[in-house]
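Me: I am learning how to read a protein model and would like to work through this one by asking about its side chains. Could you take me through them step by step?

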Amino acid sequence: MALQHAEVVSLSKSVPETAINGDEPPPPYVLKQSVFGSIDVCPPNGSFPVIDISLFSPSSSASQAHVHKELEKLRSALTSAGCIQVIGHGISSSFLDKVRELGKQFFELPMEEKQKYA
């Protein structure tokens, strides 16, 4: 689905408020159909499909059948749920915590300050 023109949408809440409260985004931001088929929303209970990407490494000792099964799980998750949880990426928890904290700090900035980074 290609956008023909830009649509201006007024939000009653900021993006962080919407995300924290678990509110649905405004309709123009929700893609229900695409050239790839329909996309369901991620499960509200947080039970995202878990994909171990370490299995895709050439140094992995996983069997070809196990790798193929994980690839099928990835394909299925991306074409149905639309989101996944990735494990086996090798990124430390402390680094991910820092990234989350920086993201939180950024979204707490005044709009004028955030727009400097647009």
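Me: Which cluster do ring pairs form in this model?
Reply: The model is a predicted one, and by the pairing rule it holds 2 aromatic pairs. The rings of Phe106 and Phe107 have centres 5.3 Å apart and planes at 80°, so this pair counts as edge-to-face. Phe106 also pairs edge-to-face with Tyr117, with 5.9 Å from centre to centre and 75° between the planes. The cluster linked by these ring pairs is made of Phe106, Phe107 and Tyr117.

Me: How many residues apart are Phe106 and Tyr117, and where in the chain do they lie?
Reply: Phe106 belongs to helix 3, which covers residues 93-108, whereas Tyr117 sits in the segment after helix 4 (111-115). Their pair therefore links distant parts of the chain, and the separation is 11 residues.

Me: Is Tyr117 buried or exposed?
Reply: A residue is called exposed when its relative accessible area is over 50%. Phe106, with 28%, is partly exposed, and Phe107, with 42%, is also partly exposed. Tyr117 has a relative accessibility of 58%, so Tyr117 counts as exposed.

Me: How many salt bridges does a search of the whole structure find?
Reply: One of them joins Lys73 to Glu70, with the closest N and O atoms 3.4 Å apart, and another joins Glu72 to Arg75, where the closest N and O atoms are 3.3 Å apart. Lys116 and Glu113 form a further one, with 3.1 Å between the closest N and O atoms. Across the whole structure, the search finds 4.

Me: By about how much of the helix are Lys73 and Glu70 separated?
Reply: Both residues lie in helix 2, which spans residues 64-80. They are 3 residues apart in that helix, which means that the separation is about one helical turn.

Me: What accessible area does the nonpolar patch on the surface have?
Reply: The patch is formed by Ile53, Phe56, Leu71 and Val86. Among these residues, Phe56 lies in the loop between strand 3 (50-52) and helix 2, and Phe56 is partly exposed at 31% relative accessibility. Together the four named residues have an accessible area of about 270 Å².

Key:
Residues numbered from 1 in each chain as written. Predicted model: local features only at pLDDT ≥ 70, side-chain atom pairs only at ≥ 80, totals over all residues. Heavy atoms only, no water. Salt bridge = Lys/Arg side-chain N within 4 Å of Asp/Glu carboxyl O. Helix = DSSP H or I, 4+ residues; strand = E, 2+ residues; numbered from the N terminus. Patch = residues over 30% accessible without salt bridge, like charges linked within 9 Å, V, L, I, M, F, W, Y side chains within 5 Å. Areas by Shrake-Rupley, 256 points an atom, 1.4 Å probe, with all protein chains shown as cover. Buried < 20%, exposed > 50% of the residue type's maximum accessible area, 1.4 Å probe, protein only. Phe/Tyr/Trp six-rings, centres within 6.5 Å; stacked < 30°, edge-to-face > 60°.
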